[in-house]
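Student: Could you take me through one part of this model up close? I'd like a single helix and whatever goes on around it, in one go.

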Amino acid sequence: GQQILRLLLCFPELASNLDNKVRAMLTQADHAEGAILADLLCYCDRCGSNFAMLNECLMQSPFASNYMALQQDVMMNDVTIDVAKIELAGAVKKLVKELFKREQNILAERLQSGQASEAEYMHYRTLMDRIHKDQPI
């Protein structure tokens, strides 16, 4: 999540490359960066690559102190946008895979306790296939 935040702070226009399905997964409240990613994506959409406007918005955000800390890392970043696109795709894939694994573990507990429905069992199997075959969302 931190890598995604850094890359979007550096290249806010990359937010437009994330489809709604990916955005929904990234902004889930059940992982550490979900709320701040939702906040940042909203500002990236609003400001695009206008850094002055983005910076002004971020300083008004409830996550302003988080952004300040991350922006110091961003200032020392010498990544090009082409490299950032590749890094963002990798970071998103990694986070989504972690979320899939977390969801799979929750379903596995329900299956073991006998509380899972048939639909949950099928979803568990789908997650298992995606994780092991390294499939996208």
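**Helix H3 and its surroundings**

Tutor: Let's start at the end of the helix: just after H3, Gly 48 takes a positive phi of about 60°. Bear in mind that this is a predicted model. H3 itself covers residues 34-47, 14 residues in total, and it reaches 20 Å from its first C-alpha to its last, close to the 20 Å expected at 1.5 Å a residue.

Now for what is tucked away. The buried residues of H3 are Gly 34, Ile 36, Leu 37, Asp 39, Leu 40, Leu 41, Tyr 43, Cys 44 and Cys 47. As background, an α-helix has 3.6 residues a turn, so residues three or four places apart point the same way. The buried residues of H3 pack against helices H1 (2-10), H2 (20-26), H4 (51-60), H5 and H6 (81-112).

Two of those partners deserve a look of their own. H5 spans residues 64-75 and holds Gln 71. Gln 71 counts as buried because its relative accessibility is 17%, under the 20% cut-off. The side chain of Gln 71 makes a polar contact of 2.8 Å with that of Asn 55. Setting aside residues up to four places away in sequence, Gln 71 touches Leu 9, Asn 55, Leu 58 and Met 59.

H6, for its part, also meets H7 (residues 118-133): their axes come within 9 Å and cross at roughly 145°, and the crossing is left-handed. Among the residues making this contact are Phe 100, Leu 107 and Leu 111 of H6, with Tyr 124, Leu 127 and Ile 131 of H7. By class, the contact has nine nonpolar, two polar and six charged residues.

Notes:
Residues are numbered from 1 along each chain as its sequence is written. This is a predicted model: local features need pLDDT of at least 70, side-chain atom pairs count only at pLDDT 80 or more; totals for chains, interfaces and linings use all residues. Side-chain values use heavy atoms; hydrogens and water are left out. Helices (H or I, at least four residues) and strands (E, at least two) are DSSP runs, numbered from the N terminus. Buried means under 20% relative accessible area, exposed over 50%, partly exposed in between (1.4 Å probe, protein chains only). A polar contact is a pair of N or O atoms within 3.5 Å; within protein, one must be able to donate a hydrogen and the other to accept it, and residues adjacent in sequence count only if both atoms are side-chain atoms. Contact means heavy atoms within 4.5 Å. The expected span of a helix is 1.5 Å times one less than its number of residues. Axes are lines fitted to C-alpha atoms, for helices over the stretch in contact, and angles run from 0 to 180 degrees between N-to-C directions. A crossing is left-handed if the near helix is turned anticlockwise from the far one by less than a right angle, and right-handed if clockwise. Ala, Val, Leu, Ile, Met, Phe, Trp, Tyr, Cys and Pro count as nonpolar, Asp, Glu, Lys and Arg as charged, and the others, Gly among them, as polar.
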